[in-house]
Amino acid sequence: MTATIRDDLRTDIAEIIEVAPDTIGDDTNLLDAGLDSMRAMNLAMLWEERGVPLDFADLSEAPTLGELHALARQRSTAPN
Amino acid sequence: MAAHGRPLTEAQAGLWYSQALDPANPIFNTGQYIDLVGPLDTEAFRAAVAQASREAEALSLRFGTSADGEPEQALGEAPDLAVVDCTDRPDPAEAARAAIARSLATPVDLARGPIAFQTLYRLSPTRHFWAQQVHHLANDGYGMVMLTKRVAELYAALAEGRPNPGRPFAPLDAVLAEDAAYRDSEERARDRRWWLDRFADLDEIAVMKPGRAVSAHRFLRTERAMSEDARQSVAALAKASATSWPDTLTALVAAYCDRFVADGETVIGMPHMARFGTAAARVPATVMNVLPLRVTPDEDAQLAEWLAALAGTMREARGHGRYRSEHLRRDLGLIGAERRLYGALINVQPYDRPPRFAGLDAVLHVTGTGPVEDISFTFRGDLKDCPTIEVEANPDLWDERAIADHAERLDAFLASAGTAERLADIPTALHREQERELHAFNATAHPVPETTLTDLIAQSFAAYPEAEAVRFGDDALTYAELDRRSAALAALLASKGAGAERIVAVALPRSLELVVALVAILRAGAAYLPLDPDHPPARISKILAGADPVAVLAPDDPHGLYEDRLLAPGDWPLDSAQPEPDTPAPDNAAYVIYTSGSTGEPKGVVVTHRAIVNRLLWMAEHYGITGEDRILHKTPATFDVSVWEFFLPLIRGATLVVAPPGAHRDPSAIARLIAAHGVTTLHFVPSMLEAFLDTPESEGLSIRRVFCSGEALAPDLRDRFHRRVNAELHNLYGPTEAAVDVSFWEAGPDDTSRPVPIGWPVWNTRLLVLDERMRIAPPGTTGHLHLGGVQLARGYLGKPDLTAERFVADPFVPGERLYRTGDLARRRDDGTVEFLGRADSQVKIRGLRIELGEIEAAIAATGLVRSAVAVVRDERIVAYVVSPDRSAGEALRDALAGSLPSYMVPAAFVVLDALPTTVNGKLDRKALPAPAFAGDGGEAPRTPGERRLAALFAEILDLETQVGRTDDFFALGGDSLSAVRLLLRLREEWDGDPDLGLVFEHPDVAGLAARLENASDLRDEGLAPVIHLARGESGAAPLFLVHPAGGVGWGYRTLARSLAPARAVHAIQAPGLDSQIEMPESIAALARDYADRIDTACPAGLVHVGGWSVGGLIAQELAVELENRGRAVGMVALLDAYPAECWRAEPEPTEAQALRALLAIAGHDPEAHPELDTREKVVGFLREGESVLANLSRATQDGVVRTVLDTNRLVRGHHHRAFGGTLTHIRADADHADRPQLRADLWAPHCAVLDAVGVPFLHRELPGKPASALIAPILSERMAAAERISA
């Protein structure tokens, strides 16, 4: 389950910044990998539609796959 | 955030400054409302708004200035939700909208607050408007979206009784700290360098709507949904170019904007949220930056590739997007509202999707997004639905119709892009606009008989034999005499071979013989070719070689070029028994006129009878020319305007009045000619018309009609004309290549057009405004003017290649030709055409067409320099040449005099080691140094007369450098027209009546001064009590500026001329300048004297007053005095002036200290000269210096010194009376560190209303150019507002 979320996030990010998914490691800084504000905005909008609990500010504050995944997991398991 | 004040962020500082310049402007209120339909839980909503407002600290901000004058901010109270019940109103929604609009239109009090409002309008139990309003200093567009989402999130939880969800906003301190860290960071330095690398070579930028881009108090707005075609097109192109759709859309809109810019390159502004990777990603605040983007559409590139490339640039720019564009603008020296960094804003906001509220339908309405300087294109929403296209624009630059058209055209442009391979395939104009251009605007078909000019003249000979055909001084010819003499000469010419398609040259001065010659050539069936014997022999020789004339009709052969072809008037027969030669056919050539050519070769334009007959018959009928008319001929025959001057009278039995040679340069002589000969119709090049209106003899003249052409007719000149002369004024336009003129416009007294249009096409003529690719340019758009129809010239004599290049196949009418004028033009919405200048390096100076390329070619041909570029500066030609020899200029000037006509010889030569280039290797025109139009400048003027004359030369030629006593007016850059201006000033200021010849005979300062001094006694320098600094437009009230401490008012000249619209500005100068006059006893007495002068200069109506320094203090008293006299006083502007009581408290200054004020007036920094500590040293320094003060006579210098000392004494004894109106105070904010108490509020006890503005300059800098650029618009706006109120 966790692996699937991580892979989904990786696929979405890779598509937005136009790189192969396997080039994005857990610690790759996405800003360095080509994620600029406009692309981040698009990604945040995509995730908002899909119900992924990550927003633009998260991308801004935690721009690695590992951090984003941790945030998403924490929020989807947190009692609400 | 701490309770004490915090500095503003860089993003806030720019907005703060704009608001401070215009404190009453409510446009900084941003706002939106959401239409909520459904059952709303009001208490939950109230609680949600309250919490979000507390979290969003920026909403509680208050602003003020610190003790040292810097703006600062602190937190106040958070706004609560106000609930307004509109349910009992007849139209609750309308009532709510009106309340929202009222609130937005009310400026907030930044110091006391609140600056943000949250209001819930209750329209019915199930419908509410939730309105938010925030000053732009506190929040931006993305911040507003965050805030709205947060309220929605909190409301959903509260309404359902769940605990608070999500994360609160981060504190504002995080943004402030980050901003402070960025200010001093290496990252900022890197970002700055990145931008400078990309913009350092930026010339004046081309924008859709040039002009002053300062946000008005309101904005225009239109909105439409993007069409489905456009939406699909953007989506498909985003996919094809592998870019995000917002970047694709931005690039396409930029390409659209570029279509409305003549230059090929434009700069658009791209709002950038500037939050990614920063703490501001979670803080509502003003963070947004505008990134300038240079856009040079490659119309031939694959569209997807071009889009991808531009999107790449955008991504790179965002990486450096924290560096503020207002700082970049300052780095680049783009100061003043007309010198901008970008034009249109393109704002794609995919994140601004319709908000979602639990259990409610929500629709967003944006009511204000902050200042709109020019135009902005905003796209709100996701591409999955059709986003909105919103166009907002500054009403000072745009109108409702223009922006609605842009929204419609832009949508069509986007839709067309979907099927286009290249940008080139996308039309700009809508289909209906193309139809109008081709048909409705060019419906000019009119029957014209199949005839020739020769035949039309012959008809007059038959019809009016006894009428006076030509008048020249005391001599005249009747039509019968002209018939007889021209027939005799025609027969002689025919015998020498003249006939159809042959050429006869004419080089005669204005005379009866000149007219006889032209008519005779036409009767012989040949075409006439006018020559100017004053042109360089090399040029004449080239023309003769190309035209191969049968004969040259001239008085003599000064250069030995005509040889046996010379036929002098003395050898012409007066009668002839020989038979009339064959008449020409309509398609035969009637005349050949040579114009300047870019290759260095003059080019001969061949015009047929058919073309000129159409032109002349149109003019005769359109203006009702009759036999009663007397038409003046004064234009040199080598200039095609002369063609109608010669022949319009002759085809109507009217009289041709021939001006004496040389008279065309002397406006007084023209005025006398008009009066002496009852001239009804004449022509002026506008710059000559201006000189004509300056001459006293033109006052009150009555003329039937005056035609202007040759250069743009300025609206101010039109208005002045009608105030001074009683005549119709017609603006005509046309190149030599289309039989003189092809369009007309009546510039009557009621015409308020700005610019004055060139109007509508004449008979059988088409005007087309096309873009670079011959696509039709929509109305309002600058394009290239193309001409079609019967008046087109046949082409250039002996130059088929050049002919093919300029006369091209008409893409709209098969088989027809179009002439590319090289002129820029624009259609107004009603179809009227406006002329906007030259598109290429061809320029016009004083109505003469000049190819700078021809000058450059001539310089190159001398072999004296390595490379050269010719440019026009201040209406004069300057050549920049590369040579190791610093004195190459003189040799060049001599060499060029032999190859170029005098009007094409550069007025100045600047020798450089290398021409400056941009990073792209292009010539960097901005980096070319200003030329000194000076000769030796060595020997200073000696006598008062010389000094006065030197100053006058400098003034008329607008020179910054000193003029020496041996400097020659013409070598300094003067030409015949500026010589006329000089003459008029001499007549005003010296006794006697010097004529123009005097200036030509004695063009040097010393010589002319000596000649003038012999003629009469000289009055003292121009230190009149009131001097005129700027000329005004009708309707604008005059401004009187009171001298500063030295008593001299000249320093206000720059400020006076920076006011827009132009208005009459006078400086009041101190009486103490004249040592014969007693100094008044008090400031009040001085003000009474000044009020008397104003009453004399301007006996009634509104007046504005102002002054700098002590001048401001006096201006306040003057305003009180005028008010007591019952005069209407508009603006009262005090430029960094402070009331008398502040000075009384200060210790009495020594004489030397007081005099140091003069250093500032003379343009020196007093702080830089501490050594000047006695009266003698200050005065000695000023006498040695280069200021205007140094150039005054000793008596006057003493007067200045006396004035400073006296005024200082008077100020201390003055007690202010309160003025009943508004004082506008301009504080020199960069100054007064040592005296922070010098603030505008010191004036509060002395006026009813205080309007305080600060500008970032030093006290002494206020009258200078950079400060004037900032102050002039502030004053202009105040004066216009006062005039509106008084009207």
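## Where the chains meet

In this predicted model, 14 residues of chain A are in contact with 17 residues of chain B. On the chain A side, helix H2 (37-50) and helix H3 (56-61) each supply at least two of the residues that touch chain B. H2(A) gives the most, with 7 residues.

Sorted by class, the side of chain A that touches chain B has 7 nonpolar, 3 polar and 4 charged residues.

## Chain B as a whole

Chain B has 1287 residues, of which 49% count as buried. Its secondary structure comprises 36 helices and 47 strands.

Among the contacts in chain B with a separation of 6 or more, 73% are between residues 24 or more positions apart.

## Two packed helices in chain B

Helix H7 of chain B covers residues 228-241, and helix H11 of chain B covers residues 400-417. They pack with their axes 7 Å apart, at an angle of about 50°. The crossing of H7(B) past H11(B) is left-handed.

Which residues meet where H7(B) packs on H11(B)? From H7(B) come Asp229(B), Ala230(B), Ser233(B), Val234(B) and Leu237(B). They meet Asp411(B), Leu414(B), Ala415(B) and Ala417(B) in H11(B). By class, this contact has 6 nonpolar, 1 polar and 2 charged residues.

Helix H17 of chain B runs over residues 609-622, 14 residues in total. From its first C-alpha to its last, H17(B) reaches 19 Å, close to the 20 Å expected at 1.5 Å a residue. Just after H17(B), Gly624(B) takes a positive phi of about 60°.

Why is H17(B) described as largely enclosed by the rest of the structure? The reason is that 12 of the 14 residues of H17(B) are buried, where a buried residue has 20 or more other C-beta atoms within 10 Å of its own. The buried residues are His609(B), Arg610(B), Ala611(B), Ile612(B), Val613(B), Asn614(B), Arg615(B), Leu616(B), Leu617(B), Trp618(B), Met619(B) and Ala620(B).

Conventions:
Residues are numbered from 1 along each chain as its sequence is written. Chains are lettered from A and ligands numbered from 1 in the order in which they are written. This is a predicted model: local features need pLDDT of at least 70, side-chain atom pairs count only at pLDDT 80 or more; totals for chains, interfaces and linings use all residues. Helices (H or I, at least four residues) and strands (E, at least two) are DSSP runs, numbered from the N terminus. Two residues are in contact if their C-beta atoms, placed from the backbone, lie within 7 Å. Ala, Val, Leu, Ile, Met, Phe, Trp, Tyr, Cys and Pro count as nonpolar, Asp, Glu, Lys and Arg as charged, and the others, Gly among them, as polar. Axes are lines fitted to C-alpha atoms, for helices over the stretch in contact, and angles run from 0 to 180 degrees between N-to-C directions. A crossing is left-handed if the near helix is turned anticlockwise from the far one by less than a right angle, and right-handed if clockwise. The expected span of a helix is 1.5 Å times one less than its number of residues.
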